[in-house]
Structures are given as C-alpha cells and as structure tokens.
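Please open the sequence and the model side by side.

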Amino acid sequence: MNENNTLSLKIFISGYSITKICDQILIFLIPIIAYKITNDISKSGIIFAVEWIARILLLPFIGTIVDKYSARKIFILFEYLRIFILFIIIITMYHSSISEFLLLNILAIVTGLMGEFGYVSNEVIIVNLYKNSFHNTQKYTQIIDQISLIISPGIAALLVKFTDFKVILIFISILLLTNPSIILFKTKNVSPIINSINDKFEESFIRILKRNKIIAIILTAFF
C-alpha cells in the first residue's frame, strides 16, 4: 500500500472510529436517559428493545436497498438524515411540552434504523475502497467495533451522571458528522458488491441469527 492509500485508510478509520463509538454510545445512552427522566427501569428496557427491534426488522431489506442503489449515497444520506432528526428532537425537547419519553422512543427508532443503514452500507464501502487491503482494513474495523462495545456503556453512564443529556446529544450529533463528511469529500461513487438480491437477503438473515444475544436481550426486556 502506497503512502497516499495509507493516509486515506488512516482518515477513513479515524472517521469510522468516531462514528462507531458515537453510535454505540447512543444505543446505551437513550435507555439511560429514559431511566433518569422516568425513574422506571421498565421504560428504559422498552426503549432499548425498540432500538434493536427497529434494526433487526429492517436488516433483511437494508441489504437489498444497498445492493440496488449506491452504498456511498445511502450512507451519506441516512447519516446526515439521522443527525438532522437528532437536532430536531433536541430542539423540540428545549422548546416544546411534548413528552420527553415519547421523543426518546422516536430517537431510539431513528437511531436503530439509520444506524443499521450506516452499518451495512459502510461494509460495502470498505470492500470497494480497500480491495487490495481488505483484510487489514477489516482487522481495524473489527477492533474498533469490539472496543466501542466495551467502552460505550461506561461512557454513556458517566456522561449522563455529570452532564445534561441534551448537551450530550448535541455533542454526539456534531461528532456524527465526521464519517459521512469524510466519505462525501474523500471518495467517489461505490458500486454494489453483491449481484443477487436473494444472496443479500440470505446474508441479512445470517446477520440476524448471529445476533442471538441481542435478540435474547430484547425478549428479556418484555418479560
């Protein structure tokens, strides 16, 4: 890999890291905020379930959409759309009497749906951008994924304990701009890597089956 490609990879991994950690923080942050404002652990569990149900139900169809259209465009569109909706919800929290718990449920659905679109389309982008160093790139992204899973719950809890949650959401919204902006300005169009829609559906369902721990957590939240 030449110097220019190495620099490109470093920029991509940096943006990926920020977005991935913010995404994971949001997953844990929203239920924690729900518990803080309602003092009801069951409502916190409901919101956590809503986040993952939204992801799991849409996952088989996301693969088809990404296969049909440009993964790059989908990633940029849904990441910016998620940030825009997040800002709208924050503004509504400051200036409206609408139930914050209701707004958090909407935010949970948006985070789940948009986050999963970003996850799937980002994998396609990685394969296309770094064909010659895919395994090396995949190694870095897997490390980031695991680290984000480990540190995000603790970060979310500490942030809620010491900072107003609306300020946290604003800060996360700003950080989420990093990766889609890098993809927007540093890359060209990315073509699909899977030709068959049936293959994409099969791959999507396999992803769901691999997330059996998450499914168990969701079911536990309802009982």
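In which kind of contact do the side chains of Lys 20 and Asp 145 meet? They form a salt bridge, with N to O at 3.9 Å; the term stands for a side-chain nitrogen of Lys or Arg within 4 Å of a carboxyl oxygen of Asp or Glu. Lys 20 belongs to helix α1 (residues 3-38) and Asp 145 to helix α5 (residues 134-162), so this pair ties together parts that lie 125 residues apart in sequence. Helices here are DSSP runs of H or I with at least four residues, numbered from the N terminus.

Before going further, a word on the source: this is a predicted model, in which local features need pLDDT of at least 70 and side-chain atom pairs count only at pLDDT 80 or more, while totals for chains, interfaces and linings use all residues. Residues are numbered from 1 along each chain as its sequence is written, and side-chain values use heavy atoms, leaving out hydrogens and water.

Are the two partners buried or exposed? Lys 20 has 12% relative accessibility and counts as buried, and Asp 145 is buried at 10%. Buried means under 20% relative accessible area, exposed over 50%, and partly exposed in between, using a 1.4 Å probe and protein chains only.

The whole structure holds 4 salt bridges. In general, side chains of opposite charge can pair when their charged atoms come close. Take Arg 82 and Asp 23, whose closest N and O atoms are 2.7 Å apart in a salt bridge. Arg 82 sits in helix α3 and Asp 23 in helix α1, so the pair connects parts 59 residues apart in sequence. Both Arg 82 and Asp 23 are buried.

Next, look at Lys 166 and Glu 100, a salt bridge with its closest N and O atoms 3.4 Å apart. Lys 166 is in helix α6 (residues 165-175) and Glu 100 in helix α4, 66 residues away. Lys 166 is buried at 12%, whereas Glu 100 is partly exposed at 24%. Elsewhere, salt bridges with shared partners join Asp 23, Glu 79 and Arg 82 into one network.

Finally, turn to how helices pack. The axes of α3 (residues 71-95) and α4 (residues 100-129) come within 8 Å and cross at roughly 165°. That makes α3 roughly antiparallel to α4, a label for angles over 145 degrees. The residues of this contact divide into 18 nonpolar, 6 polar and 4 charged.

How values were computed
Axes fitted to C-alpha atoms, helices over the stretch in contact; angles between N-to-C directions. Helix = DSSP H or I, 4+ residues; strand = E, 2+ residues; numbered from the N terminus. Parallel < 35°, antiparallel > 145°, perpendicular 65-115°, else oblique. Nonpolar A, V, L, I, M, F, W, Y, C, P; charged D, E, K, R; others polar.
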